[in-house]
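Here is a chain to look through step by step. Take a glance at the whole thing before we go into its parts.

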Amino acid sequence: MGLQKSMEQKREEKKEERRGGFGDRRQQNRRPPEKKEREEEQWIPITKLGRLVKGGFIKSIEEVYKFALPIKEAQIVDFLFQKERKPGEKQESKLRDEVMKIMPVQKQTAAGQRTRFKAVVITGDENGHIGVGVKLAKEVQFAIKGALVAAKMNLIPVRRGYWGAKLGTPHTIALKMKGKCGSVCVRLIPAPRGTGIVGAPVTKKILLLAGVQDCYTASTGKTRTVENFIKASVNALQKSYVYLTPDLWKDIKDDEHPYSKFADKADELKITYLKEKEAAEAKAHTQQNIFILPLLKYISQLR
């Protein structure tokens, strides 16, 4: 036994000599790599709506819907759906997103088949807003990113209501609705409180993100085509404000359009944001030169 132990000790010593004699101490003294936190890119709006939103003149998404203002920047939605944060905390969004489908699609070209990826993403705040986005890209991550941006720009309001007595918060849809896309047809029916969502998993995710807690659903057609199923469900929810019930017959004051109301402020903000953009571009250019100039210098010395 003693001979076997001594032989094993000698073998271990030889191994340590081969790797420098440090053993496991090298790993013990090694520091864990420091994670570099990405600097959040500052949003410089390029549209009039974006400037008014960032300037604090338009404070809610309802103002955007009231005047049917087109949303051309996804950051507008991010800005309007920010959670309240304490100083020092990271900014969080009220919106939740879900990747519903990723599928490869092909196109026949002279060189052969070109494969790309299609992503379908839905986003919502679970409080009466839902959006769906579709994007094609060569890589999956770019397809998901593009679909999420498209979903934010396609965000729509969803009207909720009650089944029976109007007690508590709205829990179901206000009326029966029907949506269609391709061969898929989806019908949504109000349900009593506590029923939950009676339907397929796809419809369930969409309705929950829209803030609907109780609903009956019925679908026909090729529901295995997930993209058409999602679009049909969102199309049905989109019709929630089409029919005005008597409780929406109230006289609404005609407010001044925000573009005319804040015209002077919008022009001032445009100048300030243009200056910020120029400063950011100049900073990026200087940072690029810091890396490129020494490299060019080194190449010229080699010649």
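Of the 303 residues in the chain, 30% are buried, meaning under 20% relative accessible area with a 1.4 Å probe, protein chains only (exposed is over 50%, and partly exposed is in between). Keep in mind that this is a predicted model, where local features need pLDDT of at least 70, side-chain atom pairs count only at pLDDT 80 or more, and totals for chains, interfaces and linings use all residues. Residues are numbered from 1 along each chain as its sequence is written, and side-chain values use heavy atoms, with hydrogens and water left out.

The chain has ten helices and ten strands; these are DSSP runs numbered from the N terminus, with helices (H or I) at least four residues and strands (E) at least two. Among contacts (heavy atoms within 4.5 Å) with a separation of 6 or more, 58% link residues 24 or more positions apart.

Four strands make up an open sheet in the order 1-2-3-4, with antiparallel pairing; strands pair if DSSP finds at least two bridges between them. Strand 1 (96-109) and strand 4 (156-157) each have a single partner strand, so one side of each lacks a neighbour in the sheet. Strand 1 and strand 2 (residues 112-124) are joined by 13 bridges, and R96 has G124 in strand 2 as its bridge partner.

What lies across strand 1, strand 2 and strand 3 (129-137)? That's helix 6 (residues 140-153), running at about 145° to strand 3. Helix 8 (residues 226-238) also packs on the sheet, touching strand 1, strand 2, strand 3 and strand 4, and makes about 150° with strand 3. These angles run from 0 to 180 degrees between N-to-C directions, using axes fitted to C-alpha atoms, for helices over the stretch in contact.
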